[in-house]
Amino acid sequence: MAKISLCFLLPLFIAFSQTSPATGADSTFVQSEKRNPMKLRSEKLSHFRFYWHDIISGPNPTVVNIVQPPANNKTGATGPGFGMINMIDDPLTEKPEADSKLLGRAQGFYGLASQEEVGLLMAMNFVFSTGKYNGSTLTILGRNPVFHKVREMPVIGGSGLFRFARGYVQASTHTFDMKTGDAVVEYNVHVLHY
């Protein structure tokens, strides 16, 4: 019985002894921090409002189609559009007019992810380029049923002054041109950050 236990326990002991934390120069891969730098600052709630310009037409579109749906796709209320994916680099402006002050850009993609309605999966970063938030980003990932009056999507993170950010955005269409597909959408962003 002792030989069986020793035969079983010895390989386990060897395996666990070789996977124990290393000491010395190789142990710098992961280190715990002694204090949390974010606790030195208080968390605040900020509200931003700006306009997202999705420009499909004209000589300088800000949207490029990167995936076409299959030709035989004719399902649901969205018809042949289901599965389409567009890459974006949309301007974010202070007012709805295209020539108003540029605050940054929305960079990412959206895809038609619903067969029942025009519902997009949106994954984008708001990259700010002016003022205090220049170089900082907010990351949005969520569902956007575009023909609803107000659509809510989560803020899942950020960088720069928005490290550890969380919150939500509310999108509402300001204008939509049915012929060209161009849209201006008002975004109200509510975000907790340090």
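Buried denotes a relative accessible area under 20%, exposed over 50%, and partly exposed the range in between (1.4 Å probe, protein chains only). By this scale R143 is partly exposed, with a relative accessible area of 42%. The structure is a predicted model, in which local features need pLDDT of at least 70 and side-chain atom pairs count only at pLDDT 80 or more, whereas totals for chains, interfaces and linings use all residues. Residues are numbered from 1 along each chain as its sequence is written, and side-chain values use heavy atoms, with hydrogens and water left out.

**Overall architecture**

- The chain contains one helix and nine strands; helices (H or I, at least four residues) and strands (E, at least two) are DSSP runs, numbered from the N terminus.
- Along the sequence, these elements follow the pattern α-β-β-β-β-β-β-β-β-β.
- Of the 194 residues of the chain, 35% count as buried.

**Salt bridges**

- A salt bridge requires a side-chain nitrogen of Lys or Arg within 4 Å of a carboxyl oxygen of Asp or Glu, and by this rule the count comes to three.
- E43 and R166 join their side chains in a salt bridge, at 2.4 Å from N to O. Because E43 lies in the loop between helix 1 and strand 1 and R166 in strand 8 (residues 166-176), this pair ties together parts that are 123 residues apart in sequence. E43 is partly exposed at 34% relative accessibility, and R166 is partly exposed at 41%.
- D89 and R105 form a salt bridge through their side chains, with an N to O distance of 2.8 Å. This pair links distant parts of the chain, with D89 in strand 3 (residues 85-93) and R105 in strand 4 (residues 102-112), 16 residues apart. D89 counts as partly exposed at 30% relative accessibility, as does R105 with a relative accessible area of 27%.
- E117 and R143 meet through their side chains in a salt bridge of 2.7 Å, N to O. The two residues link distant parts of the chain and are 26 residues apart, E117 being in the loop between strand 4 and strand 5 and R143 in strand 6. At 28% relative accessibility, E117 is partly exposed.

**Positively charged surface patch**

- R41, K44, K132 and R163 gather on the surface in a patch of positive charge.
- Patches are made of residues with over 30% relative accessible area and no salt bridge, like charges being joined within 9 Å and nonpolar side chains (Val, Leu, Ile, Met, Phe, Trp, Tyr) within 5 Å.
- Lys and Arg count as positive and Asp and Glu as negative, while His and the chain ends are not counted; the place of a charge is taken as NZ of Lys, CZ of Arg, CG of Asp or CD of Glu.
- K132 is located in the loop between strand 5 (119-128) and strand 6 (137-145), and K132 is exposed, with a relative accessible area of 58%.
- R41 is located in the loop between helix 1 (2-18) and strand 1 (44-54), and R41 is partly exposed at 43% relative accessibility.

**Nonpolar surface patch**

- V64, I66, V67, M87 and F109 form a nonpolar patch on the surface, with about 400 Å² of accessible area together; accessible areas come from the Shrake-Rupley method with a 1.4 Å probe, and for residues only the protein chains shown count as cover.
- Strand 2 (residues 63-67) gives the most to this patch, with three residues.
- I66 belongs to strand 2 and is partly exposed, with a relative accessible area of 46%.

**Surroundings of H193**

- R41 and H193 are 152 residues apart in sequence, yet their C-alpha to C-alpha distance in space is 9.8 Å.
- H193 also takes part in a polar contact, its side chain lying 2.7 Å from that of S46. A polar contact is a pair of N or O atoms within 3.5 Å; within protein, one must be able to donate a hydrogen and the other to accept it, and residues adjacent in sequence count only if both atoms are side-chain atoms.
- S46 is in strand 1 and is buried, with a relative accessible area of 12%.

**Backbone geometry at F164**

- F164 has a phi near 65 degrees, a positive value in a residue other than glycine.
- F164 is found in the loop between strand 7 (151-159) and strand 8, and F164 is exposed, with a relative accessible area of 56%.
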